[in-house]
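Trainee: I'm new to this one. Could you walk me through how to read it?
Mentor: Happy to, let's have a look together.

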Amino acid sequence: MTAKTRVMKEYKEISRSQADEAIELLPDERNILLWKGLIKGPQESPYEGHIFELGIKVPDSYPLAPPAVHFVTKIFHPNVHFKTGEICLDILKTSWSPAWTLQAVCRAVLALLSAPAPDSPLNCDAGNLLRAQDMRGYSSMARMYATRLAAMPQGSSIVEQPHPSSLNTFKEDH
Amino acid sequence: MSQTGSQSPDRVSTISTWQQQPDNIVDGAESRPTVSVGEHSLASVGEAGPEQKSEQVTSERPTDEQILAQENQIKAEEAQRHSLIGGIEPLSALAKEYEAGSSVFVNKIKTVEASYRAIRRARGDGNCFFRSFVFAYMEQLVNLQDLPERNRVVTCIRQWEKKLVEAGFEQLVFEDPQMIIIDQLNSLGTLDPLKVSVLESNMLDAELANQVVMYFRMLTSAAIQLRADFFAPFIMGMTDEGLTVEQFRRRCVEPMGEESDHVHIVALTDALQVPVRVVYLDRSLNVMAGGFGGGDSSAQVNHHDFIPETAPSAATATAKPLIPRVHLLYRPGHYDILYPI
């Protein structure tokens, strides 16, 4: 009961504000506890210019328990299991708090795409590249998979837009 | 994984290997069990080639969901043994637990008996401080029908609404629990006031009770944030990693089941302006100021009063609330409620 009440509140808030243009959250038509999240690869990351789909399942004990979130779109990232899409993110596990919302969870996943944590990898190949400081290898692998497996935003503005600040690690392989 | 450093030095370039075998790309990216950083060397990058993947290691790691599910099962088993909040028991029930154990505890319990008549236990699920505090405070309001204090605390909680938002909480995450708490408090003084039996059943109802805990966790977190400069040195010193205030709030205050420490108690008692006395039942034999008990130092029981600092500009310009309203018994890692004589 509380899960549905809370999720309805979040749904209203999302429809009202839709504050974050990098995130789109869509509930299943028949089940408010099942959501689809679409997130835009962050600027200056190898995922830039692509859209990734997240599957979100809200448990009955939500918000006391975290939603189960996984990548539906395959992604090459040290903290995402390549086959299952499982995400290694503390707030989805032990550090979950009822103060988080589905929107905030998507924001945290976006932050993870920008700042991978290679020391606790679910995808060791991606983790090893980063630990070996091989930014070029990691970026090109990530970009190649994104190009092959992720969607491109339709009529998007973010694809071709270079970010003003260009002194960053991902740029070196252009 | 640990042997990989010694093999195939010629295959350091992962990318070129993968490019030669495009059909295997997807399989090759499959992950392996999480291992510690120390087991890796730089050369292990070359190990990412698809032909070296080994089935027996990939399939054995339980997913985080499975680990979490197991933790939840352990919690559920604990839940069957202890209810969220117990009934009132005489202190002799506590003494019984230690009959066969340490004489230090037995002697100390005798000392506690001089000042307290009873105990009410909370489940040891990491939320026991919040549960004990809230229950004891509300039970006292109900028993005394203390309407002035009720009015004060309801005003106080309403004033926190804005501060919670300031501290970064979305209204929608705390408005329902806040309403649950205020509704219960506001029923005092009406024709259908909250009774202790109803309070008990509310606090036994996991859904209701946990929402209350969740609200006071957010309040505590916000209170820490609003006095971040004051709390930062304590928080820094409490953990090996030297957590920042922000990290501490996210990891140790807001998540359910995270145990409470001095910082939590100071922040919450201050936020609500409710003084609390904590009686420490532990093995320590040293005599500290503020302790009570007879001449035998081994029976000396320490306690600490958490007296809120009244802000000079606070609307409550009345006398500083010095007498503890809530009495808690602390045993290492756990809080229960104490009832003074």
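Mentor: First, a term: two strands pair if DSSP finds at least two bridges between them. Helices (H or I, at least four residues) and strands (E, at least two) are DSSP runs, numbered from the N terminus. This is a predicted model, where local features need pLDDT of at least 70, side-chain atom pairs count only at pLDDT 80 or more, and totals for chains, interfaces and linings use all residues. Residues are numbered from 1 along each chain as its sequence is written, while chains are lettered from A and ligands numbered from 1 in the order in which they are written.

Trainee: In which sense do β1(A) and β2(A) pair?
Mentor: Strands of a sheet pair through backbone hydrogen bonds, either parallel or antiparallel. Here, β1(A) and β2 (residues 34–40) of chain A pair in the antiparallel sense, over five bridges. A:Pro27 has A:Trp35 of β2(A) as its bridge partner. The two strands form a hairpin, with six residues between them.

Trainee: What does A:Cys106 touch?
Mentor: Contact means C-beta atoms, placed from the backbone, within 7 Å. Leaving out residues up to four places away in sequence, A:Cys106 touches A:Ile23, A:Leu25, A:Gly37, A:Ile39 and A:Leu54.

Trainee: What is the strand order of the sheet in chain B?
Mentor: The open sheet has six strands with mixed pairing, in the order β1-β2-β6-β5-β3-β4 (chain B). β1 (85–90) and β4 (302–306) of chain B are at the edges with a single partner strand each, so one side of each has no neighbour in the sheet. β1(B) runs antiparallel to β2 (residues 116–122) of chain B, joined by four bridges. Within that pair, B:Glu89 stands opposite B:Ile119.

Trainee: How do α5(B) and α6(B) pack?
Mentor: Two packed helices are described by the angle between their axes and the distance between the axes. Axes are lines fitted to C-alpha atoms, for helices over the stretch in contact, and angles run from 0 to 180 degrees between N-to-C directions. For α5 (residues 91–98) and α6 (residues 103–115) of chain B, the angle is about 175 degrees and the axes are 9 Å apart. That makes the two helices roughly antiparallel (angles over 145 degrees; under 35 is roughly parallel, 65 to 115 roughly perpendicular and the rest oblique). On the α5(B) side, the contact includes B:Leu91 and B:Tyr98.

Trainee: Why is α7(B) described as largely enclosed?
Mentor: Because 13 of the 17 residues of α7(B) are buried, the rest of the structure largely encloses this helix. Next comes B:Gln145, with a positive phi near 45 degrees.

Methods
Contact = placed C-beta atoms within 7 Å. Buried ≥ 20, exposed ≤ 12 C-beta atoms within 10 Å, placed from the backbone.
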